[in-house]
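Q: I am new to this structure and would like to learn how to read its features. Where do we begin?

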Amino acid sequence: SFRLHYLLQGSDPRSYHAVNVGLHLLVGLAVYALARRLLPPAYALLTCALFLLHPLQTEAVAYVAGRAELISALGVVTAVWAFAQPTVTWTHAGIAVIALVVAVGGKELGIMAVPLFGLYTWLIRKPAWSWRLMGVACGAIIVLALLLAPILGARVLGNAYIYQTERGMLGNLAYQSVAVWSMLRLAIVPVGQSVDHDYETVSHLGALGALFAGIALLVWAWRVRSQYPLVTFGLFWAFLALLPRFILRQPELIAEHHVYTPFVGLWIAIAAAVMHLNAWLVMRSAAKEPPCEPVCP
């Protein structure tokens with residue numbers, strides 16, 4: 001995309017920023033389409049607004065190099081949307097396969113669209129499939145995996161940057177948990193900075209506490225899955241999309257542009273939580289109203 005852009009527009013930085021903003025708007029529309037499958041229109045619009053306007057999103061959009069995150073997010077959200085239809089048709093299956101190619105082509109972590117679809121099927125609803133369509137889709141995914149294997153091999157297995165850290169597996173889990181909690185804090189109160197590249201501010205005890213707090217949050221989300229399925233879906237979306245960064249040890253901590261796609265789930269969870277809170281307040285207000293007095297003839 002950069003090569004094509006250079007051939008068409010040269011090196012004027014304004015056009016590169018304009019394309020990033022346009023891609024961000026396209027991803028926002030995809031997020032709204034997916035949220036509309038889950039939430040009423042007002043709360044789907046809230047999800048879209050949080051995604052498009054929250055300050056955490058600016059790093060992926062403002063940096064020209066953030067185009068990889070934008071392209072990958074567009075593919076991931078579109079792929080999950082296509083498979084989340086009540087009845088998956090040939091058109092939806094084709095869109096999903098193309099979107100998966102786009103997702104991995106943008107960034108290798110776009111492959112997480114596959115487990116995210118499984119999460120949707122497990123927690124929300126199982127779409128209607130025909131055996132023929134399912135067989136063709138499975139065959140297409142296998143062929144797609146073979147085509148994407150060189151990309152993943154070069155970017156992950158052949159990436160010398162990965163594993164160049166002194167932190168062991170437990171240390172990586174703990175410190176990345178600190179980074180995620182920092183992102184969650186910024187998502188709620190967008191004031192301050194993250195802890196990316198600033199390990200000295202984090203103690204070992206605090207890092208372990210962040211790890212156990214993250215595990216506790218996931219356990220809570222699992223336990224309320226029947227009562228608040230969309231909140232669980234959103235939190236587990238964020239966890240699954242960030243999981244490779246916990247497994248693959250890298251020198252850097254999770255930064256703002258890394259949560260561009262994972263926090264689609266967080267915005268869905270927040271919108272669902274607001275919906276449940278509003279329903280609870282309405283119910284409580286109705287319960288406080290005095291009963292109607294009978295009118296005498």
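Predicted model: local features only at pLDDT ≥ 70, side-chain atom pairs only at ≥ 80, totals over all residues.

Q: What volume does the largest pocket have here?

A: The volume of the largest pocket is about 710 Å³. It is lined by 29 residues, and those closest to its centre are Trp-181, Leu-184, Leu-217, Leu-218 and Leu-235.

Q: Which helices each supply at least two residues of that lining?

A: They are H9 (169-188), H10 (204-223), H11 (229-247) and H12 (263-288).

Q: How many residues of each class are in the lining of the largest pocket?

A: The lining has 26 nonpolar residues and three polar ones, with no charged residues.

Q: Which residues form a nonpolar patch on the surface?

A: The patch consists of Leu-170, Leu-208, Phe-212, Ile-215 and Val-219, which together have about 460 Å² of accessible area. Helix H10 gives the most to this patch, with four residues.

Q: Is Val-180 buried or exposed?

A: Buried means under 20% relative accessible area. Val-180, in helix H9, has 15% relative accessibility, so Val-180 counts as buried. The C-alpha atoms of Val-180 and Gly-214 are 8.6 Å apart in space, while the two residues are 34 apart in sequence.

Q: What relative accessible area does Val-219 have?

A: Partly exposed is the range between the buried limit of 20% and the exposed limit of 50%. Val-219, in helix H10, has a relative accessible area of 43%, so Val-219 is partly exposed.

How values were computed
Residues numbered from 1 in each chain as written. Heavy atoms only, no water. 1 Å grid on protein atoms, 1.4 Å probe; cavity = no way out; pocket = protein on both sides within 12 Å on 5 of 7 lines; lining within 4 Å. Points joined across faces, edges and corners; volume = space filled by probe spheres on them. Nonpolar A, V, L, I, M, F, W, Y, C, P; charged D, E, K, R; others polar. Patch = residues over 30% accessible without salt bridge, like charges linked within 9 Å, V, L, I, M, F, W, Y side chains within 5 Å. Areas by Shrake-Rupley, 256 points an atom, 1.4 Å probe, with all protein chains shown as cover. Salt bridge = Lys/Arg side-chain N within 4 Å of Asp/Glu carboxyl O. Buried < 20%, exposed > 50% of the residue type's maximum accessible area, 1.4 Å probe, protein only.
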